[in-house]
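Dear colleague,

Please find below the sequence and the structure that I am handing over to you. My notes on the model come after them.

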Amino acid sequence: MTVYCLYFSPCGSCRSCAKAAAEGFAGEDYEEINLTNRSQDLPEAGAGDVLIISAPVYGGRIPLPLAQKIARASLSGAAAVAMVVYGNRAYEDALIELSDLLTQAGASVAAGGAFIARHVFVPEVAEGRPNENDLAQLTSFGKSAARKIASGSFEPVQVPGSRPYRDRSPASFTPVVDADACQQCGLCARSCPTGAINPKNPHETDITLCIDCMRCVQGCPEEARSLPAKAKEFLTTKLSPLISITRENEIFL
Ligand SMILES: Cc1cc2nc3c(=O)[nH]c(=O)nc-3n(C[C@H](O)[C@H](O)[C@H](O)COP(=O)(O)O)c2cc1C
């Protein structure tokens, strides 16, 4: 039996959340798999295996590249713990989508959760989250999921969300590059989860592939990449009202 800790986490919060839940579930006895890497697929899993998987919420859905990876996975007989992580606005159909995809791949989803994290577009929204209290809740969530799965045959969990899911929103902008600051090191192109950045010319980003995940912006050692000014302004106006709101994590068992 293997416990897998899986995450698609361009900016790190989904990784922190998945690891805290996996530690609650299995102590240190789990295998970590980073699905943000373009070439990394889900492991083939079967009866006795457990997948603890966390996804960021993008426009109330899970990111398309992750959905595609789960859709081609073979998880027959495995148990799963489905987690979505969102920036204090709403998670809408993301958790039900994740749970449905895992079920269609053959897994039984034992537990679900929606957890709050800093919003990568406006980091003052849910700043500092997941915090110590969130991580303690995540660990305790992992323990509860482990008890449910260890009890043998369990009822699959019901999670909130609607079908058909809301439409996925395509990228309407790509990050811009400060040509003076960019050293052409290529880190952004190598770490982009969708291969949207031209490795020969990192100033070129393919808007049809870009998912606006902010990995290249956060990861650039020269701080050469940023949101276009208009997008930054629009997102700040839209999301700033959420700065003063504190939402609670939700757990479904
Ligand atoms: C393209 C995009 C769309 C997002 N959409 C939502 C959303 O619909 N609701 C929400 O509350 N947060 C939203 N967020 C915020 C992320 O869900 C949140 O910052 C998450 O922690 C990112 O995970 P990561 O740090 O593992 O990359 C969005 C972020 C991005 C980049």
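Predicted model: local features only at pLDDT ≥ 70, side-chain atom pairs only at ≥ 80, totals over all residues.

The secondary structure of the protein amounts to seven helices and eight strands. The radius of gyration is 18 Å, close to the 18 Å that the globule rule gives for 253 residues, so the protein is as compact as a globular protein of that length. Along the principal axes, the C-alpha atoms fill a box of roughly 60 × 40 × 35 Å. Of the 253 residues, 45% count as buried. Among contacts between residues at least 6 apart in sequence, 79% join residues at least 24 apart.

I looked at helix α4 in some detail. Helix α4 covers residues 132-150, and at 1.5 Å a residue its 19 residues should span 27 Å; the end C-alpha atoms are 27 Å apart, which agrees. Its buried residues are D134, Q137, L138, F141, G142, A145 and A146. An α-helix has 3.6 residues a turn, so residues three or four places apart point the same way. The partners against which the buried residues of α4 pack are α1 (13-26) and the strands β3 (50-56), β4 (79-86), β5 (108-116) and β8 (250-252). After α4 comes G152, with a positive phi near 100 degrees.

The backbone also has several features that deserve a mention. Most residues other than glycine have a negative phi, and most peptide bonds are trans. Two cis peptide bonds may be set against that background. One joins R129 and P130, with omega about 5 degrees, and P130 is placed in the loop between β5 and α4. Another runs from R163 to P164, with omega near -5 degrees; P164 belongs to the loop between α4 and β6 (176-177).

Positive phi values in residues other than glycine are the next topic. N88, in the loop between β4 and α3 (94-104), has a phi near 75 degrees. D212 has a positive phi of about 55 degrees although it is not a glycine, and is found in the loop between α5 (187-191) and α6 (215-219). With 25 other C-beta atoms within 10 Å, D212 is buried.

With kind regards

Key
Residues numbered from 1 in each chain as written. Helix = DSSP H or I, 4+ residues; strand = E, 2+ residues; numbered from the N terminus. Expected span 1.5 Å × (residues − 1). Buried ≥ 20, exposed ≤ 12 C-beta atoms within 10 Å, placed from the backbone. Contact = placed C-beta atoms within 7 Å. Rg over C-alpha atoms; globule rule 2.2 N^0.38 Å.
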